[in-house]
Amino acid sequence: MKIALTFFALCIGASVLAQPNCQAFLYYGDTLKYEACEKAKECKGHYQFSKEYQQALDAALEIDSTFGPAYESKSTAYLKSGDFLTWKRLIDKAVYYNEEESLGYRGWCRYQFFRDYQGAIDDIERLDGLVDHDIGYGANGDYHLHMARAICYKALGQKEKALEIMEMQLAQPDNHVGLYDYLHLGVVYLELDDPDKAAEALEKQIEHNDLAEAHFYLARCFEARGDWEQTMLHLEEAKRLYAQQRRMADGYMHYDDKVYLQDILEAQAAVSNAK
Amino acid sequence: MRVSQCAFVWISRLLASAIILVLLLTTTHCKTEQSATSPAKYLRWVGDSEFDAALDDSAFALCQGDQKAIQYFNDGRGMEYEGEKPALDRAFWEGYKPVESKESGLIRIRFIVNCKGETGRFRVMEMEKDYAETSFDSEIVDQLLRITKALDGWVVKRDRDDEPTDYYQYLIFKIEKGALKEILP
């Protein structure tokens, strides 16, 4: 429910200002959830890793052990500490009690933090089958869940499937192109030995969000065509943008298709030797 | 008339008792189901590791004490290692030898990097592919732990006052049939 989502926004980050609407539980006649919701608000202002944060949510669950949002909020600190055991126990309860609201989150986290590609695919596809509206984005907003699903298929070696999903999502009239969508599309085309389509996608990436990675992979497109000059030009541009921090970044995890300085330098050395 | 009145009273009392009994049972049942979480003992933060003389090197010291260590992502810069992730990964790709095993899953090694870039308080967690806790072949874990402990390129992070600080870091290793497949984060 929208109420649960507002509650997440409040508690997952200590500084989020949104007020939860616990009143909605009363409107629907669920006084127990209302009380649990009100109790859970006491986590506000505490860092999600903290004892106080966790205890506030425990108190909410003492009131109503089926209050799914509390499990999800508790789970986040364990996720970010790499504790896959406790995280999974908690998020599974969140999904059990609040399936539509927590399934996409669990799927995204399986991918982002644990590279559980099949698990992420299963969750996202299950959510897609459950609802008739847009399934939305991953927790950090960088990817639509369908794009995340596509990246997972790519990681499992199912590149054609990945391509199909990416193209479908990007063709949606109301789709908001993510920070790196065209980059991943370009990489898939490269891996499917279609440097022309890859270059087309990577040019779109550069137009949308110019990154070191886009030029790195564009260099590979030119290399495939035997155009050494353009290859070196784009590798140099990749290095320049990298130094300016214009590159894929996430505060918790490396992204798929991310490139590092060493990769760029090695590519430059390889091209120099090959010429 | 008197008899039917008595019967009515009797039935009413029986009904009332039944209702009370149902209510009582429901409340008790809910209360039982309501203990969703057994009382938990929390340290300062989730994931904190207290010094354990049986596990930890007593020479390793936190610069600011147990209560000040942050998480590797708290400064927004994520995992930081000299030479970046490729340098860290290389230590494992070159140092880890695949073990003949059917075991697959994840192994997390969590530790602290202190304000001098030294590491300690290593803690291991292991799971099978379905997120069930497990214990891998010690040859797998020992190798990963040895290589992790030998890593010496951790970037010293700074707190909000721009002072060198201690921070928690973890590495997660994806294992497939004894072979190392991915290193996270």
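This is a predicted model: local features need pLDDT of at least 70, side-chain atom pairs count only at pLDDT 80 or more; totals for chains, interfaces and linings use all residues.
Guide: Residues are numbered from 1 along each chain as its sequence is written, chains are lettered from A and ligands numbered from 1 in the order in which they are written, and side-chain values use heavy atoms, with hydrogens and water left out.

Visitor: At roughly what angle do the axes of helix 5 and helix 6 of chain A cross?
Guide: Helices are DSSP runs of H or I with at least four residues, strands are runs of E with at least two, and both are numbered from the N terminus. Axes are lines fitted to C-alpha atoms, for helices over the stretch in contact, with angles running from 0 to 180 degrees between N-to-C directions. Helix 5 (residues 68–80) of chain A and helix 6 (residues 84–97) of chain A have axes that come within 8 Å and cross at roughly 155 degrees.

Visitor: Which residues of helix 6 of chain A meet helix 5 of chain A?
Guide: Contact means heavy atoms within 4.5 Å. From helix 5 of chain A, the residues taking part are A:G68, A:Y71, A:E72, A:K74, A:S75, A:Y78 and A:L79. In helix 6 of chain A they meet A:T86, A:W87, A:L90, A:I91, A:K93, A:A94 and A:Y97.

Visitor: Which residues have the most contacts inside the largest nonpolar core?
Guide: A nonpolar core is a set of buried Ala, Val, Leu, Ile, Met, Phe, Trp, Tyr and Cys residues joined through side-chain atoms within 4.5 Å, where buried means under 20% relative accessible area, exposed over 50% and partly exposed in between (1.4 Å probe, protein chains only). The largest such core has 125 residues, and those with the most contacts inside it are B:F92 and B:W154.
The largest share of this core, eight residues, comes from helix 13 (residues 212–225) of chain A. Among the residues in contact with B:W154, leaving aside neighbours within four places in sequence, are B:M79, B:F111 and B:L171, and the names asked for are B:F92 and B:W154.

Visitor: Is A:G107 buried or exposed?
Guide: A:G107 lies in helix 7 (residues 99–114) of chain A and touches A:A120 and A:D123, not counting residues up to four places away in sequence. With a relative accessible area of 0%, A:G107 is buried.

Visitor: How many helices and strands does chain B have?
Guide: From the N terminus on, the elements of chain B run α-β-α-β-β-α-β-β-β-β. The secondary structure therefore comes to three helices and seven strands.
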